[in-house]
Structures are given as structure tokens and as C-alpha cells.
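Thank you for making time for this at the group meeting. Please keep the picture in view while I talk, and we will go through it part by part.

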Amino acid sequence: MNPFIYTALPTRVIFGRGKISEVATEAMRLGMKHPLVITTKHQASSGLAIIKKSGGVAFAGAAMHTPSNVTEEALAIVSAEGCDGTIALGGGSSTGLGKAIALRTDLPQLVIPTSYAGSEMTNILGETADGAKTTKRDSKIQPESVIYDADLLDTLPDNFAATSGMNAIAHAVEGLYAVDGNPIISLMAEEGIRALATALPKGKAGHNEALYGAWLCATVLGSVSMALHHKLCHVLGGSFNLPHAETHTVILPHATAYNSVGSPNAMGRVIRALGSKTAAAGLYDLAQKLGAPLTLKELGMPEDGLDKAADIAVANPYPNPRVLKHAAIRQLLDDAYHGRRPQH
Ligand code: NAD
């Protein structure tokens, strides 16, 4: 057993179908009498249902990558209404806005995730201002409470469930070879991959088990450092505006193939969790089985942007199980662009 450091996350988790019924009690427990209830425009009606249960005021303007002008708009309502906390219902976009408000006000957050993205279990916030995305970590960003209720995922379109689930698996795969990994996180990561890989092909019938897997994977994301896969997705999302969950889905088998050389133990656990012969091809096959996108080309990536993406991905060094070599990363991106099935 190698030495390790493990820090438990302070977020309280309430899990189970129908648990949305506890939203008012949980909000009160956090001292909220007049919360700001955050959703995207698309999920505005779900936000109104929360307000019926817990009171408060609606803000249905959350947007991908937490634009600072939207945060300013929401903060103006918090201040005018005297809000005493936030309830964010939705995917990573709604959660991101609750976190941005908490960073500036230290108000308590209750998050009700409706995708598998996993932001609710981290103290990480990505924000965009003037076209640039910056990422911060702060204990104020970590949500106080999370209610996971798979009933709320019944409206999740199958194609988004597939890519959002692959996005969650990516957190766990990178957690297995993280430079600051530890035995507890490896247990969670392997079980998270197993639960998602088993549940995602079942569609709606698998939502509850997939949400359990997504929680575990989110805990991994919040606890240890991510590496090449997340870096590449950050570059492709930030510099080429590719969609978040779909980009994770396409890149994951290729980043895993790249890193399989330097992390045999991690790959062994991925193989065991997937029940596949190899890790990278097993992830590719899962994405294909789910009908998810397999090429960067279909996500709108310009082929002549691959050089620039490889340049940015190796510009600043970061820990990764295999040394970052420009030519090999460029090849990885080419494989992802064309959607070639990894050989191992
Ligand atoms: P999203 O939150 O943007 O959701 C995409 C769309 O799907 C939205 O319109 C949303 O309203 C809708 N939607 C979500 N759940 C639904 C449901 N159950 N039924 C119907 N529609 C639903 O997308 P996402 O992939 O969940 O989150 C992506 C964002 O989260 C990105 O900005 C990403 O950077 C961020 N993120 C941050 C962290 C972190 O730790 N900071 C972790 C993961 C993701």
C-alpha cells in the first residue's frame, strides 16, 4: 500500500426516487426562507414546481459555462429580493450559476442535479467573461446539500443521457490514475464506472443506478486531479466551442488509449468495471452501443484546428501518467476526429 492523503467532501447527499419531496425541509435546514431557484430557460417549469414547495423567487437564465453577465443579473435579484440561499435544479449549467453566486456571497446552496455532469460534488467553478474561461477552486463553491432524485431524469433525452453518462465515466477513469489518487477514490471510481456502464444501456429503467454512478464519479472529480482527457476537452470546448458532454464522449476512448501505456493498474480496474477485454476499446464500444457520437468531425471540429488544439494541450505541463508528446497527442486528436476504434 502506497502512502496517500484522503480528504472527505463536506456535501450532504440525499439520494432516492421521490426525494424531491424533501426540498422544503432541506432548504429550511440550510436556513433558507427565500431562496433563488435557478434553472435554464428550458427547465423553467421545474423551477416553478420547486418554488411551490419551498417558496423563493425564480431565475431561469442559467447558461453553459457560467457567463459573468448572467451571474451579475442573478446577483441583482439576490440583492433586491434579499435571497438567503440558492436552489439550483438542472445540469452543470444551473449548478454553475449557484456556485458563482455562492463564491461572491457565501450563501448556502442546495443542488438538484438532473444530468450526470457531476458539478454538484466539486468545489470547482468554470466561468466565462469576454470570451475567456477561467477555473477556480474555493471551499465557498462546494454545495452544502444535494438531492439526487432519478424521477427528475425522466425528461432527459436519450442522446443527452448517453453523453452525460460518458462524461461522468471520464471523471472516474482519470481518477483511477490521478497523481493524488487514493484507495477510497479508486473504489468509488471503479464502482461508478460499473454502475453507469450497466445502467446507461437500459434507458429510463437505468436512470436510478446511473445517477448513483454519476454521484460516485462526481465525488472522484471533486477529490482528485484530472489529467490529459479533461485538459483536451477543456481546450476543445474553450477554443473551438465544442459541446461539453459530447466532446467528453468522443475523446475518452482516445485519451484512455494514450494513457493505458503508463497506468496498467487503472486500466485493469476500468476493464473489470466494464467487463470488457481492453479499457479504451471497451469505452469506445460502450459509446457506440449507446448511439453516442464517435467523431470530433460530427461535433463541428474544424480539421485544420487539430494542430492548434495539440499545441495548447501541451503548452503548460501538468501531471499525467504518460509523458505528453506533441506528435502523439496530434495523432490522438486525429483518431478522435475520424472516430477510429482504439486498438487496446
Ligand atoms: P447543461 O446543464 O448545460 O444542460 C444541457 C441542457 O439540458 C440544458 O438546456 C438543461 O436545461 C437541459 N437538461 C438538463 N437536465 C435535463 C433533464 N433531466 N430533462 C430535460 N432537460 C434537461 O449540461 P451539462 O452537461 O449537465 O453541464 C455542462 C456544464 O457543466 C458545462 O458548463 C461544464 O463546464 C459544467 N461542469 C462543471 C463541473 C465542475 O465541477 N465545475 C463539472 C461538470 C460540468
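This is a predicted model: local features need pLDDT of at least 70, side-chain atom pairs count only at pLDDT 80 or more; totals for chains, interfaces and linings use all residues.

Which side chain has an N or O atom 2.7 Å from an oxygen atom of the ligand? That side chain belongs to T122, and a polar contact here is a pair of N or O atoms within 3.5 Å, where within protein one must be able to donate a hydrogen and the other to accept it, and residues adjacent in sequence count only if both atoms are side-chain atoms. Residues are numbered from 1 along each chain as its sequence is written, and side-chain values use heavy atoms, with hydrogens and water left out.

A polar side-chain atom of T40 lies 2.6 Å from an oxygen atom of the ligand, and one of T114 lies 2.7 Å from a nitrogen atom of the ligand. The protein covers 87% of the 850 Å² of accessible area that the ligand has on its own (by the Shrake-Rupley method with a 1.4 Å probe; for residues, only the protein chains shown count as cover).

Now to the sheet. Six strands form an open sheet in the order β1-β8-β5-β4-β2-β3, with parallel pairing; strands are DSSP runs of E with at least two residues, helices are runs of H or I with at least four, both numbered from the N terminus, and two strands pair if DSSP finds at least two bridges between them. The edge strands, each pairing on one side only, are β1 (12-15) and β3 (57-59). In general, strands of a sheet pair through backbone hydrogen bonds, either parallel or antiparallel. Within this sheet, three bridges join β2 (residues 36-38) to β4 (residues 86-90), and V37 stands opposite I87 in β4.

Elsewhere, β6 (residues 124-129) and β7 (residues 132-137) pair in the antiparallel sense over six bridges, with A129 opposite A132 in β7. Their hairpin has two residues between the strands, and D130 takes a positive phi near 50° there.
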